[in-house]
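Q: I'm new to this one and would like to learn how to read a ligand site and a pocket. Can we walk through it together?

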Amino acid sequence: MKFETPAQTNPIDRLKVVGQAHDRIDGPLKTSGLATYAYEHHREVPNVAYGYVVGSAVGKGRIKSLGLDEARRAPGVVTIVTAQDAGPLGKGDRNTAKLLGGPEVDHYHQAVAVVVAETFEQARAAAALVRVDYERGDGRFDLDELLKTAPLTGGDSQEGSGSSPEHRVGKFEEAFGAAPVKLDQRYTTPDQSHAMMEPHATIAAWQGDELTLWTSNQMIAWNKADMAKTLGIPKEKVRLISPYVGGGFGGKLFLRADALMAALAARAAKRPVKLALQRPLMANNTTHRPATRQRVRIGATKDGTITAIAHESGSGDLENGGPETAVNQTELLYAGANRLTSMRLAVLDLPEGNAMRAPGEAPGMMALEIAIDEMAEQLGMDPIAFRIKNDTQVDPKTPTRKFSERNLIRCMQEGAERFGWDKRRAKPAQVRDGRWLVGMGVAAAFRNHVSRPSGARVRLGRDGVVTVESDMTDIGTGSYTIMAQTAAEMMGLPLDKVVVKLGDSSFPASAGSGGQWGAANATSGVYAACVKLREAVAQRLGFNAADVAFEDGQVRSGNRALPLTQAAQDGELLGEDRIEFGKLGKTFQQSTFGAHFVEVGVDAYTGVTRVRRMLAVCAAGRILNPQTARSQVIGAMTMGVGGALMEELAVDTRFGFFVNHDLAGYEVPVHADIPHQEVIFLDEADATANPLKAKGVGELGLCGVGAAVANAIYNATGVRVRDYPITLEKHLERLPSIA
Amino acid sequence: MKAFTYERAKDPVAAARAAARPGAKFLAGGTNLLDLMKIEIEAPTHLIDVQDLGFDKIEPTPDGGLRIGALVTNTAMAADQRVRRDYPLLTRATVAGASGQLRNKATTAGNLLQRTRCPYFYDPNMPCNKRKPGSGCGALGGYSRQLAVVGSSEACIATHPSDMAVAMRALDAVVETVNPQGRTRAIPIAEFHRLPGDTPHIETTLTAGELITAVTLPKPIGGTQIYEKVRDRASYAFAVVSVAAVIQSDGSGRVAVGGVAHKPWRVDAADAAMSRGAKAAAGELLAGAKPTQDNAFKIPLVERTLAGVMAQARAA
Ligand SMILES: Cc1cc2nc3c(=O)[nH]c(=O)nc-3n(C[C@H](O)[C@H](O)[C@H](O)COP(=O)(O)OP(=O)(O)OC[C@H]3O[C@@H](n4cnc5c(N)ncnc54)[C@H](O)[C@@H]3O)c2cc1C
Ligand code: SF4
């Protein structure tokens, strides 16, 4: 099905199942431990051996010699694979660094060997006996130093946020120079780790020249292709199975070392091998969100009209890597006739930077939305009024190009009312609650919507149950549930008459989970397949497909009605299709909007910040299931608090690695950090997006949160911190004196 | 993890004798030791499980204090009515540590002997004098935000991460032990942990095989007892710094600080300066401090945290 013109009224609009809150249908499996994650497919794969990955001990260099004898002799060892004996390997299209290092080492903890043994404990013990002698190379590890000479570089996050090296509209410098009110500030965001609960894990099994991988992965089709390319075998020979994913946040978009090392190990061991990356390896072995150094300049007239806006960002990555696209949203979020955005990219020998939840916008908004707050203060305006004043309903570069739906103002206004924004004191450091300095902050939320082709197959069984099959993944997001809701709505069935099977590369390829595109596109794929199935049903029952209604388990046309099950009584019926998109995404700018409100307390003695309450108002097209969508948004808000207050991979520029590479050193919020969250979804349906009229929301919930926290801290203390995370030492000695 | 043998000791002196053999170690709750064994930072060849020795009781002492068995769990100790009533500082510090699950396993002795959380100590690829004597200190000149500002050396700037021990230091606890010869001794907690000097791998004054049997607390001293743990998130994080203070109604008192040194940090002159306020006391506590660029903020932080504690005590 090609989606080329805005959606008309369709069966989804009935909203009997879609749009309703519903518990996730996979919930009981998860809470009872029956959902099988990558490491747990004991029944399907007997006789596994265990793999343990050895990571490079140096950040850059080469392996002079490898001593494997002692490890080989260790109890239970089956085999050891290194680059010396892995055979020729290619590299996938989407990973920057090769996944098995040696003799050249590209980054710290890059895999250099996998040890396979009868038990996990034996593999781990033997791995400690692998002797690697390195020649340490001169690595480039200091981002600030390297950015001084880094070239302008364009790039695309592969997740809906991309920018050219330099992007200009009008004459920025002139307009900025002439502006009566100006802001020119620098902001930094650190490297961050996905730190998902389930580590990267894979069981690999070969049958002849065919490889099956039970793995934890967001994008099945990408990884099937990249695995085949890396191994130099035809794509058809690779099967991926990833029914449940314990969090990914972009860290499992790409083929990673767990899958490749398991595949190589299983080939060498001649039996299935399972392995999970050990937690201390994950931060440096896998990808991370790159640090940024950003500069924002805004010029405005005295009445608060932005006349000039510039956002420049620098980041680093391995050779042939890409920039963190932190400036993209600034091309679209606010009006202003004269604009400049640009990105610089330094070559770094730190581990690979790549997508993490809302790549580009997440760190970009952390800077931009502080700048907006600062500018509003300079202008003596309320930050919400300033944002409203500079709202734009068109793409500022191409004013003929409208936003399909843009309800930023409504999000701000509704949020202000609900949050009690009128109680905020414009002057900072005015509110005390015992030892706590209390403040409120707001930030806009912005994230593009991305359309991607997505396929699905639906079967109507003799028992009247509809089964949906797609390689779509559920990374904790609720894909199972919303895809079931879509099929139920389309086929006129209750939810319990739908079964959903996901994450298997033998099913039709879907959009996958990334860039907040999963929900809207995967359900559109189900919609397309259901249209096919409805046609098949109509034909079987002798109805005219054009005027049948599917309702309450009945198929109806005029005053004739038959039970849906009757269509399958002589054998199952099948519908398979794929949603594809025309030019609507170009004709219209399709984005999602929101407003984040945060109240914090800052301990006047210790400088520690604790969030007191949070509110997000989102305008993101039709919300397919307000319950699972809310879960996505509160999870994202939590991640935003982490980014604002504590998350930072500490770089050691001498050894070239992220030092705090475990969950004791890399802190993410715990329950006690998140006392109260509220989410409001505005009633919106975006007919230009897809037949479901839905867009993404899972990353919108993150974009802007960090800045809202930062702005609340400023409102509480009167001390502006522009370097994330805002740990206590960044403002401690500038806090108002303790009465 | 290296292979090891295991025994469950039935008798304290026999346990101490077994532990005096090279490569042997006591096992209590295992929450620190087993983690370190998995990554081979500890590689004992023999474990002596001490959980059956009957050291799991809390009893009054003849001079009005309390004797807490070495194997009493952190949860049981913190919840004990006598501890809560007479030594609230200890309860507050203990429940500020780790998580409920860990405290259910963690023991009095194990907590005192937990090892540093210096990230370079935890990464076997990095130099670390504590893990591998003579290999250098990775943290000096590296990422040292969490590490020591006082009492450190050129060889090591690690901190002792315990919360419980900081309260015990303020309360003048005494560590009771028995050695392989069956001799018992009582070590004031001030003398129990060592400064790193040039042997940071030697962390306490325990001798080979010496087994901790209990920790005793002297008779209650009253006062307002406050444990303030400063950390980047609200729970389940090690202290950036922590302050354990007992403040009497006349403003005098005592104070011990965590997160600043290789041991729970207490200085006589600081106690004496308590009634003169936080600035005076903190100045004494951190006299001669040698922070790194990353952790210099701990100096004002200790003073401010103590000021907060004093204000809270005044309001109490
Ligand atoms: C994730 C995590 C977070 C934590 N957070 C905190 C925190 O915030 N604050 C805090 O204070 N602590 C924290 N801890 C540390 C925790 O308190 C310690 O791991 C625990 O107290 C150790 O006690 P254990 O009984 O398990 O010791 P074990 O691991 O069994 O033993 C530790 C050491 O003590 C020795 N030993 C044990 N018993 C005796 C004895 N009777 N005589 C002589 N030697 C003995 C052992 O040989 C070993 O060397 C945390 C731990 C973890 C894993
Ligand atoms: S501070 Fe101590 S524990 Fe840390 S690396 Fe240096 S020597 Fe090792």
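Q: Which polar backbone atom is 2.9 Å from an oxygen atom of ligand 1?
A: Keep in mind that this is a predicted model. A polar contact is a pair of N or O atoms within 3.5 Å. Here, a polar backbone atom of B:Asn32 sits 2.9 Å from an oxygen atom of ligand 1. B:Gly30 has a backbone N or O atom 2.6 Å from an oxygen atom of the ligand, and for B:Ile212 a polar backbone atom is 2.9 Å from a nitrogen atom of ligand 1.

Q: How much of the accessible area of ligand 1 does the protein cover?
A: On its own, ligand 1 has 980 Å² of accessible area, and the protein covers 94% of that.

Q: Which elements give two or more residues to the shell around ligand 1?
A: In chain B they are β2 (24-27), α2 (33-38), α7 (108-113) and β8 (211-217). The largest share, four residues, is from α7(B). By class, the shell has 14 nonpolar, 11 polar and six charged residues.

Q: Why does ligand 1 lie between two domains of chain B?
A: Look at who gives residues to the shell: domain 1 (5-51) and domain 2 (224-315) of chain B both do, so ligand 1 lies between them.

Q: Now the pocket. How many residues line the second largest pocket?
A: The lining has 29 residues, and A:Arg401, A:His449, A:Gly585, A:Lys586 and A:Gln589 lie nearest the pocket's centre. The volume of this second largest pocket is about 740 Å³. By class, its lining has seven nonpolar, 15 polar and seven charged residues.

Conventions:
Residues are numbered from 1 along each chain as its sequence is written. Chains are lettered from A and ligands numbered from 1 in the order in which they are written. This is a predicted model: local features need pLDDT of at least 70, side-chain atom pairs count only at pLDDT 80 or more; totals for chains, interfaces and linings use all residues. Side-chain values use heavy atoms; hydrogens and water are left out. On a 1 Å grid over the protein atoms alone, a cavity is a set of points where a 1.4 Å probe fits but cannot get out, and a pocket is an open set with protein on both sides within 12 Å along at least five of seven lines; lining residues have an atom within 4 Å of a point. Grid points are joined across faces, edges and corners, and a volume is the space filled by probe spheres set on the points. Ala, Val, Leu, Ile, Met, Phe, Trp, Tyr, Cys and Pro count as nonpolar, Asp, Glu, Lys and Arg as charged, and the others, Gly among them, as polar. A polar contact is a pair of N or O atoms within 3.5 Å; within protein, one must be able to donate a hydrogen and the other to accept it, and residues adjacent in sequence count only if both atoms are side-chain atoms. Accessible areas come from the Shrake-Rupley method with a 1.4 Å probe; for residues, only the protein chains shown count as cover. Domain bounds come from an automatic or database domain assignment.
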